[in-house]
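Please walk through the two chains of this model with the structure open beside the text.

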Amino acid sequence: MKILEFLKDKENLIAFDNSTTINRADVSIKNNSLTFKKGNEFFVFLDNYDAYNELEFNFHSQQKIKLFIIVYQNKSIKMDYSFNLDDSVELEVFTNFVSRRKTNNISNFIYNLKENSSLKLLNAITFNGNLDLNCTVNLDGEKSEATIDLLNIGGFSNKHKVRQDVNHQSKYTESYINNWLISLDNSVLDYSVSGFIEKGKEFSKCFQSNKGIMLSDSSQIAVEPKLYIDEYNVEAGHGAAIGQIDELQLYYLLSRGLSETEAKSLIISGYTLPFIDKISDEDIRRHVTSQSSRLIRRKA
Amino acid sequence: MTLEIKDLFVSIENNLILNGLNLKVNGGETHAIMGPNGTGKSTLAQVCMGHPSYKVESGDILLDGESILDKSVDERSRLGIFLAMQNPIEVPGVTNFDFIKAAIQTRMKKDEHLRIGRFILKFEKASQDLKMGQGLAHRFLNQGFSGGEKKRNEILQMKMLNPAFAFLDEIDSGLDVDALKLVGQNVTELKSQDLGLILITHYQRLLDYITPDYVHIMINGKIVKTGNLELIKRIDQEGYDWVKKELGIEDEDKKPYSLGTCPSKH
Ligand SMILES: Nc1ncnc2c1ncn2[C@@H]1O[C@H](COP(=O)(O)OP(=O)(O)O)[C@@H](O)[C@H]1O
Ligand SMILES: [Mg+2]
């Protein structure tokens with residue numbers, strides 16, 4: 001197994017490939033099921049791992065955990081993941097897919113939350129290849145809440161198809177989705193973002209915001225925001241702002257002598273900053289920054 | 001160096017704004033351009049910078065005798081043209097430091113590289129000179145700046161970039177007396193044989209701090225009268241009506257934008 005450089009020295013590292021498992025953390029692993037014991041920060045590295053069974057992450061009551069998941073692949077991969085949060089869990093999950101050559105990735109993530117649990121998801125998508133990502137959040141318990149922040153930079157002629165579903169299945173549940181989408185070259189970002197609030201699940205809140213910049217004439221971003229709400233006593237809303245790079249900002253930087261490439265890459269980096277600032281681990285933050293600036297600088 | 005604007009006709013969205021404008025600025029000279037609102041002063045500055053919305057119908061802009069009309073905005077900047085904008089733009093997520101560093105690096109030759117220590121000192125000095133307060137380097141470009149801070153930040157950039165020709169477009173608006181004095185001092189310090197200054201204003205008060213060599217009056221998209229400091233005094237006292245009367249200029253287009261937006265004495 002070849003662990004990526006920036007993860008090599010991490011304590012609490014758990015790494016899988018199809019034949020071996022490395023477990024430097026206090027986590028029990030049985031039949032593809034991980035149960036977290038002591039510790040609050042873990043790094044999970046998957047090297048071309050495509051188990052037939054889903055990979056299951058279990059968190060028990062009151063745990064407060066940060067999980068950084070890095071998937072590395074140089075062949076096409078299909079994987080299912082599930083995360084089960086007992087009551088009053090505070091979980092933060094970072095995910096990122098890395099591939100050095102163009103491959104396909106199909107991933108299904110399911111998060112199940114019991115009462116009073118909170119989930120913070122940070123998805124950094126800079127994947128070189130076609131991606132089919134499904135992310136389902138089930139707010140099963142009362143007062144459970146999820147915040148999803150997602151940065152997607154599509155380059156080359158990659159197609160990234162992403163589906164985010166949040167199911168509000170109890171009262172007082174809250175969800176907030178913020179997507180920052182950047183399409184370069186001929187890439188296509190195709191998003192379906194849905195919030196479901198069933199009848200009787202009152203006092204729930206469901207919000208989403210989708211922002212996007214298309215950098216070339218052949219770049220594409222499509223977002224289909226949906227709110228299915230069958231309950232009167234809730235708060236919900238969505239905002240979308242998808243367009244070209246801000247002309248005035250570009251002109252201002254050009255007027256100080258920056259080339260178009262430099263100016264665009266500064267503006268786009270600035271645009272990604274609110275997302276990148278949310279990444280608490282410095283190595284991971286640097287990894288995402290370098291991945292995104294490599295994409296942006298190449299073809300701003 | 002010389003910047004020469006020759007018989008320039010410029011339109012925006014099919015409206016002719018500049019109507020055969022002529023102006024010649026040599027290095028070392030300071031020109032003031034005054035005129036009522038909506039007369040095309042900002043248009044002149046923007047078109048020299050290369051703003052993509054303005055269309056040059058005919059005429060030319062020459063830098064040392066060579067046309068710059070086919071040059072892009074960034075090329076013009078690197079050739080030495082600078083515009084302190086009437087409304088500086090906010091760029092979230094981009095720090096002042098990264099921005100100015102990139103602007104300076106883009107002016108360096110291939111084999112040169114930035115002496116970062118020296119750059120930081122120069123930046124901090126300029127920042128102090130303009131009383132920008134600590135931490136400017138790490139604030140996002142103009143984001144959340146007060147009107148006055150934005151204007152002072154334009155002058156800071158001018159200081160850092162050493163242009164050959166600088167248009168200061170209503171640099172005085174939004175500044176209180178102290179800030180105006182500060183900006184005036186900073187700009188005056190920058191005066192040299194290598195800098196041609198074009199001050200666009202409707203107030204005399206800016207010109208109390210930066211003394212112009214020439215004063216031009218611009219009406220309906222062209223310069224109709226050129227004089228010296230005496231001209232400013234008269235405009236300050238009497239407005240522009242006497243110029244119009246003297247030259248037989250009709251107010252054919254009283255558009256709403258020209259109403260009430262300018263607190264100068266008419
Ligand atoms: N971006 C624009 N779109 C349409 N009209 C414009 C634009 N900018 C300026 N104009 C028009 O051009 C004329 C001159 O404007 P401007 O150059 O800003 O005048 P000044 O700076 O002298 O007040 C005005 O009639 C104004 O409405
Ligand atoms: Mg103006």
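In chain A, A:Asn123 stands opposite A:Leu150, a residue of β13(A). The strands concerned are β11 (residues 118-125) and β13 (residues 145-154) of chain A, which run parallel and are joined by 8 bridges; strands here are DSSP runs of E with at least two residues, helices are runs of H or I with at least four residues, and both are numbered from the N terminus. This is a predicted model, in which local features need pLDDT of at least 70 and side-chain atom pairs count only at pLDDT 80 or more, while totals for chains, interfaces and linings use all residues. Residues are numbered from 1 along each chain as its sequence is written, chains are lettered from A and ligands numbered from 1 in the order in which they are written, and side-chain values use heavy atoms, with hydrogens and water left out.

Both strands belong to an open sheet of 10 strands with mixed pairing, whose order in chain A is β2-β1-β5-β7-β9-β11-β13-β15-β17-β19, where two strands pair if DSSP finds at least two bridges between them. At the edges stand β2 (21-23) and β19 (235-243) of chain A, each with a single partner strand, so one side of each has no neighbour in the sheet. On average, neighbouring strands of this sheet are turned by 10° against each other, direction ignored. Helix α2(A) packs on the sheet, touching β11, β13, β15 (174-183) and β17 (205-214) of chain A, and its direction makes about 155° with that of β15(A); contact means heavy atoms within 4.5 Å, and such angles run from 0 to 180 degrees between N-to-C directions of lines fitted to C-alpha atoms, for helices over the stretch in contact. Helix α3 (residues 282-298) of chain A also packs on the sheet, and its direction makes about 40° with that of β9(A).

Chain B has an open sheet of 4 strands with antiparallel pairing, in the order β2-β1-β4-β5. Here β2 (15-26) and β5 (66-67) of chain B are the edge strands, each with a single partner, so one side of each is left without a neighbour in the sheet. Strands β1 (residues 2-12) and β4 (residues 55-63) of chain B run antiparallel and are joined by 7 bridges, and B:Ile5 has B:Ile61 in β4(B) as its bridge partner. Helix α1 (residues 41-49) of chain B packs on this sheet, touching β1, β2 and β4 of chain B, with its direction at about 70° to that of β2(B).

How many residues does each chain bring to the contact? Chain A gives 17 residues and chain B gives 32 residues. The area buried between chain A and chain B is about 1900 Å², of which carbon and sulfur atoms give 68%; buried area is the accessible area (1.4 Å probe) that two parts lose on being put together, summed over both. A:Tyr251, A:Tyr252 and A:Arg256 supply 43% of the area that chain A buries against chain B, more than any other three residues.

Across this interface the rule finds 1 salt bridge, a side-chain nitrogen of Lys or Arg within 4 Å of a carboxyl oxygen of Asp or Glu. The side chains of A:Arg256 and B:Glu154 meet in a salt bridge at 2.7 Å, N to O.
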